Amino acid sequence: MRVLSGPAADLPGCSGSGMCDHDWMDVRFLGIAELAETPSTAVVVDVMRAFTVAAWAFARGAEKIVLAESLDEALALKARHPDWVTLKDGPPAAGFDTVNSPGLLRSVDLAGRTVVQKTTAGTVGALAVKEASLVLCAGFVVAEATARLLRTRECGSVTFVVTGDDGRAEEDLACAQYIAQRATGARTDPTEFLRRAGTSRAAAELAQGVRQGAHADDVALCLELDRFPFAMVAALEEPLMVLRPYAVPSLTGEAST
Ligand SMILES: O=C(O)[C@H](CS(=O)(=O)O)OP(=O)(O)O
Ligand SMILES: [Mg+2]
């Protein structure tokens with residue numbers, strides 16, 4: 001895995017002037033359909049399962065993830081780049097190499113590979129804010145790194161895109177609210193946020209086998225707080241929206257959870 005790093009000064013959006021310890025941030029939580037204007041900084045949250053899967057793809061060595069607009073676009077990219085790894089939610093399908101499951105992906109070697117991901121909520125949410133100056137994609141597995149990047153970037157105004165269930169998915173809202181609190185530097189007990197996610201409809205559907213293309217460990221893997229040390233930054237690399245891991249340096253003297 002090649003992880004971009006730095007004091008985040010090389011990223012667009014916010015001030016980029018370095019560390020800060022502000023405890024105030026203008027935060028909004030919106031569903032995809034509620035995005036009336038392009039936010040400056042967007043954190044797109046999909047706990048179950050798109051961005052847990054994306055983080056696992058990077059942990060398994062993927063170089064980048066192309067967020068596809070449609071199943072047809074994913075298949076067209078595969079036709080042009082047969083070595084790219086196509087991934088979709090739902091059941092396995094012709095033309096796709098794998099499914100949107102962290103439990104299944106964690107044993108796949110993706111060293112140096114480009115992944116193409118298309119899901120119902122997560123990838124749609126990221127593409128809805130593709131014009132934003134800074135787009136982060138997140139779940140609990142990258143929560144602290146995401147919050148730290150927001151702190152480092154002194155992002156005074158942040159829009160959290162709650163991708164699931166028209167903005168009402170409890171697992172995504174809980175994760176967004178947790179990251180928002182941590183982004184202010186406030187000590188935050190994650191227990192209640194994780195409990196809400198663990199008792200969400202998405203968690204129940206995954207546990208009951210309602211959602212296809214799943215592994216028995218998917219819910220547990222989606223609830224692994226700070227499993228990975230990197231944030232995930234999506235940016236337009238015309239004409240594609242590309243997600244990459246981003247190593248965020250630790251800030252000295254900050255409050256932990
Ligand atoms: O794969 C998932 O869990 C969902 C698919 S659905 O909501 O069950 O249709 O996709 P995601 O975009 O990861 O929420
Ligand atoms: Mg989801």
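**Buried helices and ligand sites in a predicted model**

In this predicted model, the side chains of Thr-114 and Lys-64 are joined by a polar contact of 2.9 Å, where a polar contact is a pair of N or O atoms within 3.5 Å, of which, within protein, one must be able to donate a hydrogen and the other to accept it, while residues adjacent in sequence count only if both atoms are side-chain atoms. Thr-114 is located in strand S7, which spans residues 114-118; strands (E, at least two residues) and helices (H or I, at least four) are DSSP runs that are numbered from the N terminus. With a relative accessible area of 6%, Thr-114 is buried, a word that stands for under 20% relative accessible area, whereas exposed stands for over 50% and partly exposed for values in between (1.4 Å probe, protein chains only). When neighbours within four places in sequence are left aside, Thr-114 is in contact with Lys-64, Val-66, Trp-84 and Val-85, contact being defined as heavy atoms within 4.5 Å.

Residues are numbered from 1 along each chain as its sequence is written, and chains are lettered from A and ligands numbered from 1 in the order in which they are written. Because the model is predicted, local features need pLDDT of at least 70 and side-chain atom pairs count only at pLDDT 80 or more, whereas totals for chains, interfaces and linings use all residues, and side-chain values use heavy atoms, with hydrogens and water left out.

The protein chain as a whole contains nine helices and 11 strands, and 55% of its 257 residues are buried. Of the contacts in the protein chain between residues at least 6 apart in sequence, 80% join residues at least 24 apart. The accessible surface of the chain comes to about 10500 Å², and 50% of this surface belongs to carbon and sulfur atoms; accessible areas come from the Shrake-Rupley method with a 1.4 Å probe, and for residues only the protein chains shown count as cover.

Helix H5 (residues 143-152) is largely enclosed by the rest of the structure, because 10 of its 10 residues are buried. Just after H5, Glu-154 adopts a positive phi of about 50 degrees. Pro-249 itself is found in the segment after S11 and is partly exposed, with a relative accessible area of 34%.

Helix H1 (residues 50-59) is also mostly covered, with nine of its 10 residues buried, among them Phe-51, Trp-56 and Phe-58. Just after H1, Gly-61 takes a positive phi, here of about 110 degrees. In helix H7 (residues 191-198), the buried residues are Phe-193, Leu-194, Arg-196 and Ala-197. These residues lie on the same side of H7, because they cover an arc of only 155 degrees around the axis, the arc being that of the directions from the helix axis to the C-beta atoms. The buried residues of H7 pack against H6 and helix H8 (201-207).

Two ligands were examined. The magnesium ion (ligand 2) is coordinated by Asp-46 (OD) and Met-48 (O), at 2.2 to 2.3 Å; donors are N, O and S atoms within 2.8 Å of the metal (3.2 Å for Na, K and Ca), and sites may look incomplete, since water is not among the atoms. Asp-46 counts as buried at 3% relative accessibility, and Met-48 counts as buried at 5%. Oxygen atoms of ligand 1 lie 3.1 Å from a polar backbone atom of Met-48, 2.9 Å from a polar side-chain atom of Arg-49 and 2.7 Å from a backbone N or O atom of Ala-121. On its own, ligand 1 has 360 Å² of accessible area, of which the protein covers 82%.

Arg-49 is also one of the residues touched by Asp-218, when residues up to four places away in sequence are not counted. Asp-218 lies in helix H9 (residues 218-222) and counts as buried, at 0% relative accessibility, and its side chain makes a polar contact of 2.9 Å with that of Ser-101.
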